[in-house]
Amino acid sequence: MIPEPSDQAPPIRYDEPYETQVEGETWIVRQRTDEPGTYDFDWVSGPNQGYGFGLSRSDGMQRTHAELDQSIRDFLAEIDPATGFLPD
């Protein structure tokens with residue numbers, strides 16, 4: 001069973017990814033249907049093909065689109081502009 005969304009969020013479709021724009025960058029966000037509260041973020045417009053990150057909640061609760069976008073902002077804030085990767 002997939003938990004109800006937090007913060008009265010509009011439902012995120014579990015059967016397909018969605019595209020979002022954050023700080024001028026394009027991302028594809030997928031929620032894993034077999035792991036509630038777990039998301040994969042693909043940085044489509046980033047300098048390194050196939051680069052992105054994953055995120056999970058231990059309680060399995062669904063995140064809102066605003067929460068997911070903030071997670072992307074937090075990730076981008078850590079990126080080394082010279083390499084396009086997180087620092088070592």
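**Reading the fold, core and salt bridges**

Analyst: Aspartate 40 is partly exposed, with a relative accessible area of 22%; buried means under 20% relative accessible area, exposed over 50%, and partly exposed in between (1.4 Å probe, protein chains only). This is a predicted model, in which local features need pLDDT of at least 70 and side-chain atom pairs count only at pLDDT 80 or more, whereas totals for chains, interfaces and linings use all residues. Residues are numbered from 1 along each chain as its sequence is written, and side-chain values use heavy atoms, with hydrogens and water left out.

User: Which partner forms a salt bridge with aspartate 40?

Analyst: A salt bridge is a side-chain nitrogen of Lys or Arg within 4 Å of a carboxyl oxygen of Asp or Glu. Here, aspartate 40 pairs with arginine 32, and their closest N and O atoms are 2.7 Å apart. Arginine 32 is likewise partly exposed, at 30% relative accessibility.

User: How many salt bridges does the whole structure hold?

Analyst: A search of the whole structure finds four. One of them joins the side chains of arginine 30 and aspartate 42 at 2.1 Å, N to O. Arginine 30 lies in strand E2 and aspartate 42 in strand E3, so this pair ties together parts that are twelve residues apart in sequence. Another is formed by aspartate 59 and arginine 57, at 2.9 Å from N to O. Salt bridges that share partners also join Arg32, Glu35 and Asp40 into one network.

User: Which residues touch the most other members of the largest nonpolar core?

Analyst: In soluble globular proteins, nonpolar side chains tend to be buried together. A nonpolar core is a set of buried Ala, Val, Leu, Ile, Met, Phe, Trp, Tyr and Cys residues joined through side-chain atoms within 4.5 Å. The largest one here has 14 residues, of which Trp27, Val29, Phe41, Trp43, Ile72 and Phe75 touch the most other members. Two or more residues each come from strands E1 (18–22), E2 (25–31) and E3 (38–43) and from helix H1 (65–78). The largest share, four residues, belongs to H1.

User: Which residues does tryptophan 43 touch?

Analyst: Contact means heavy atoms within 4.5 Å. Leaving aside residues up to four places away in sequence, tryptophan 43 touches Glu25, Thr26, Trp27, Tyr51, Gly52, Phe75, Leu76, Ile79 and Gly84.
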